[in-house]
Amino acid sequence: MPWHPDHKAYSRERILHTAARLFTRHGFAGVSIDTLMQEAGLTRGAFYAHFASKSELYAEAIVVAARQGVERLGLDAGPEARDRYLSREHLEGEAGLCPLASLVSDVAQQDPLVRESYTRLFRGFIDRVAGEGEDARQQTLQRAVMMIGGLAIARTLSDEALAEELLRACRQGGEADGGR
C-alpha cells in the first residue's frame, strides 16, 4: 500500500519538532540520531530521507524551537513578553526552551551552517523587536543579551532560589529602561 502524499512532509515535521525539543534540552552531542528517531516514532533510516546530516537537522530545528517558543509564550514586544520569557515556567517547561538561551555555548562549537542559522535567528529577533534609530537598536541588543543570558545562566544553576533571583533581577532590569 503506497504512502499518503503528505506522509513525507508529516514525517519531516515530526522529526523537526522532536529535534527542537530534544536539542534545546540536551544540546547537539546529547541527542543521537537513534534516540531522536525513536522519540519521533520513526526508523533511523527514515532520517536520511529528510536530512543529509545531523548538523543540517540541528540548524533547522533551532529555528523550529524558536517559532514554538514565540507561539507558546505569546512573545511580542513589551514587558509582558519579557516577564513570560524570564519566568520559572519557561525555564522548567517541558515543551522546550528558547534555543537562543539554551544552545548559546553549544552552537558556538558547531559548524558554520548551524552558526549561521543561529545568527539569522538572533538577527531576526533583534530586527523584529527594535524600534527606529540606532539608540533603540542598542537598547534592544542590551535587553536581548540580558534576557537570553539571564535565562542561560539560570538554567545552569543548581540553586533554585538563586536562579529565581537572577530571573527577577533580569525582569527588573528591563523595567529600568521603561520596558522598551
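This is a predicted model: local features need pLDDT of at least 70, side-chain atom pairs count only at pLDDT 80 or more; totals for chains, interfaces and linings use all residues.

Me: How many helices are in the protein chain?
Reply: Read along the sequence, the pattern is α-α-α-α-α-α-α-α-α-α-α. The protein chain has zero strands, and its count of helices is 11.

Me: What is the radius of gyration of the protein chain, and what would a compact globule have?
Reply: The C-alpha trace spans about 60 × 40 × 30 Å along its principal axes. For 180 residues, a compact globule would have a radius of gyration near 16 Å. The value for the protein chain agrees with that, at 18 Å.

Me: What percentage of the accessible surface of the protein chain belongs to carbon and sulfur atoms?
Reply: Of the 180 residues, 43% count as buried. The accessible surface of the chain comes to about 9,900 Å². The part of this surface that belongs to carbon and sulfur atoms is 54%.

Me: How far apart do the centres of the positive and negative side chains lie?
Reply: The protein chain has 22 positive side chains and 26 negative ones. The centres of these two sets are separated by 3 Å.

Me: Is C170 buried or exposed?
Reply: C170 is in no disulfide. A residue counts as buried under 20% relative accessible area. C170 has 8% relative accessibility, so C170 counts as buried.

Me: Which residues is C98 in contact with, leaving aside its neighbours within four places in sequence?
Reply: C98 sits in the loop between α6 and α7 (99–102). With a relative accessible area of 13%, C98 is buried. Beyond four places in sequence, the contacts of C98 are Y85, H90 and L151.

Me: What is the relative accessible area of S87, and which residues does S87 contact, leaving aside neighbours within four places in sequence?
Reply: The loop between α5 (79–85) and α6 (88–92) holds S87. S87 is buried, with a relative accessible area of 9%.

Me: What is the relative accessible area of Y48?
Reply: Y48 has its place in the loop between α3 (44–47) and α4 (54–73). Y48 is partly exposed, and its relative accessible area is 45%.

Me: How far apart in space are I15 and M37, C-alpha to C-alpha?
Reply: I15 belongs to helix α1 (residues 7–26) and counts as buried at 0% relative accessibility. Not counting residues up to four places away in sequence, I15 touches L36, M37, A40, L42, H50, F51 and L57. I15 and M37 are 22 residues apart in sequence, and their C-alpha separation is 6.9 Å.

Key: Residues are numbered from 1 along each chain as its sequence is written. Side-chain values use heavy atoms; hydrogens and water are left out. Helices (H or I, at least four residues) and strands (E, at least two) are DSSP runs, numbered from the N terminus. The radius of gyration is taken over C-alpha atoms; the globule rule is 2.2 Å times the number of residues to the power 0.38. Buried means under 20% relative accessible area, exposed over 50%, partly exposed in between (1.4 Å probe, protein chains only). Accessible areas come from the Shrake-Rupley method with a 1.4 Å probe; for residues, only the protein chains shown count as cover. Lys and Arg count as positive and Asp and Glu as negative; His and the chain ends are not counted. The place of a charge is taken as NZ of Lys, CZ of Arg, CG of Asp or CD of Glu. A disulfide is a pair of cysteine sulfur atoms within 2.5 Å. Contact means heavy atoms within 4.5 Å.
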